Amino acid sequence: MNDLSTVVVYSASLVLPVTAPALPGGSVAVYQGRVVHVGTRSWVLEALSEGPLRAHRIVEHHFDGVLLPGLVNAHTHLQYTGMASVGEGTYNNFQEWSDAFDTIYDDDSLHKPWRQWAHEGARQLVRYGTTAAADIATDLEAAGALHSQGMHGITYWEVMGWENEKWRSLGPEWLRDQLVQASQQDVTELGISPHAPYSLDSAPFLDLPDIARGMGMRLHIHLGETPSEAADDNSDQLYSPVERSWRSHHWDSYPQLKSTGAHVSAIQFVDQLGSLGPDIHIAHGVYANAEDRRILRQRGVGVALCPRSNRITCTQKDAPVADYLREGNLVSVGTDSLSSSPSLDVLDDVAVLYDLAREQGYNRSDLSHRLIRMMTLGGAEVMGLNVGSQRIGQINAGAMADLAFLDIPVDLSSDAAYENTLERIVREGAGTNRATVIAGRVAYNDNVFAE
């Protein structure tokens, strides 16, 4: 089945290419790790019989369900897979959760097999139909998690806890050394994650984007996650830069600025440092008012929404999902880690996002379509993996053959029935993945295909 000299045709009751219309009774032809054809079954088989691959052996597999691009988890920390006990706790606020996390992470007497936990997390992702992820690594042993399962995505090396003076004297050299060591851990692609504006002073936030860009790396930041990062003014009004006197001063850190009583969000502060751009996506984005969301759109910054994690860590409110959708922000879905989430199945978070959007007043008929895009192409786009020869999150000729097979009943008897099928995917799809294909290789198979 994984013989790269064979053309494998996957046929399903419904194929969702994401970058093209849905295909009832569709097929996807895969050769040497890439999609070569996608269309109706009859068209794909005819194209193979007449094209340059006509002399090759063709193997076809039928699936009674939904075939779509491999899912993309746009924010996780796989090395914390073994810290599920923290995620199972109940907390009154973010600090309580953070203290529970640090109790385990900082305890040197406890054996923490980061490599083993990270690899197990990656295996769980694959079982859930996820073929790519934005994985943040804090310890070197965990850096090879995605590569261990042949997954796509980016491993972001986390930087946190640096004050200005120490960073200026030691930080850049330390970072380059860490990146060299991380790159030796069989990393698929390496990026940098400045942790958050409450855990880093201003100097690192000024330097890290420049360092990453100079090395051709992408960035990923926790931003707008906690109540301390809110603008405090509860206003959705847009502001002119000249109306904010705080912009003319140098601030050693975001907490220093907030201590003056300034009504400034973390998103606005980081933007003032020039730290945002289209090569960055942020995690959470809970505390993002209209001005913050405008900044993110203007800078080309995507957001990974992690609704279940936000509730466990007590961020005290939900992200403005409906506003992000209505206003056209680039959004994706992340699970975060098992230290703050019940599972690594992005479809669990998608179900929560569906309900949140409706509760927040999003009443358009395209919600299921938008969520399917968020968990596939949207996740690829926030990491810059939606275009080029290595593109993912889509099913089209030349794209990487990353596929997920959801055991969802398909009813195409009417337009309403079709929409109901899509709604079942986003509301009931968690735990329904039966097979996962990564770059043409069957990475997970729950008795769907004959061995």
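Author: His 284 is found in strand E11; strands (E, at least two residues) and helices (H or I, at least four residues) are DSSP runs, numbered from the N terminus. The model is predicted, so local features need pLDDT of at least 70 and side-chain atom pairs count only at pLDDT 80 or more, while totals for chains, interfaces and linings use all residues. Residues are numbered from 1 along each chain as its sequence is written, and side-chain values use heavy atoms, with hydrogens and water left out.

His 284 has a relative accessible area of 0% and is therefore buried. Here buried means under 20% relative accessible area, exposed means over 50%, and partly exposed is in between, with a 1.4 Å probe and protein chains only. The backbone of His 284 has a positive phi of about 90°, although the residue is not a glycine. Most residues other than glycine have a negative phi.

Which strands pair with E11? One partner is strand E10 (residues 219-223), joined to E11 by five bridges in the parallel sense; two strands pair if DSSP finds at least two bridges between them. In this pairing His 220 stands opposite His 281 of E11. Another partner is strand E12 (residues 302-305), which runs parallel to E11 and is joined to it by three bridges. Ala 283 stands opposite Ala 304 in E12, and Ile 282 has Val 303 as its bridge partner there. Between E11 and E12 the chain passes through helix H10 (residues 290-299), giving a right-handed β-α-β crossover. A crossover is right-handed if, with the strands pointing away from the viewer, the path from the first strand over the helix to the second runs clockwise.

E12 is covered on both faces: Gly 302 and Ala 304 are buried on one side, and Val 303 and Leu 305 are buried on the other. In a regular strand the side chains alternate between the two faces of the sheet. E12 is also joined by three bridges to strand E13 (residues 331-333), again in a parallel arrangement. Val 303, already named as the bridge partner of Ile 282, stands opposite Val 331 in E13.

On the E10 side, His 249 lies in the loop between E10 and helix H8 (254-259). His 249 counts as exposed because its relative accessibility is 51%. Its C-alpha atom is separated by 11 Å from that of Gln 272, which is 23 residues apart from His 249 along the chain.

The axes of helix H13 (residues 346-359) and helix H14 (residues 367-382) come within 11 Å and cross at roughly 145°. The axes are lines fitted to C-alpha atoms over the stretch in contact, and angles run from 0 to 180 degrees between N-to-C directions. The crossing of H13 and H14 is right-handed; a crossing is left-handed if the near helix is turned anticlockwise from the far one by less than a right angle, and right-handed if clockwise. On H13 the contact (heavy atoms within 4.5 Å) involves residues including Leu 347, Val 350 and Leu 353, and on H14 residues including Leu 371, Met 374 and Met 375.

Asn 396 counts as buried because its relative accessibility is 17%. Apart from neighbours within four places in sequence, Asn 396 is in contact with Thr 19, Val 35, Val 38 and Arg 391.

Strand E15 (residues 433-438) and E16 run antiparallel and are joined by four bridges, with Ile 438 having Arg 441 as its bridge partner in E16. The hairpin of E15 and E16 has two residues between the strands, and Ala 439 takes a positive phi near 50° there. Asn 447, in the segment after E16 (441-445), has a positive phi of about 60° although it is not a glycine. Is Asn 447 buried or exposed? Its relative accessibility is 74%, so Asn 447 counts as exposed, whereas His 284 is buried at 0%.
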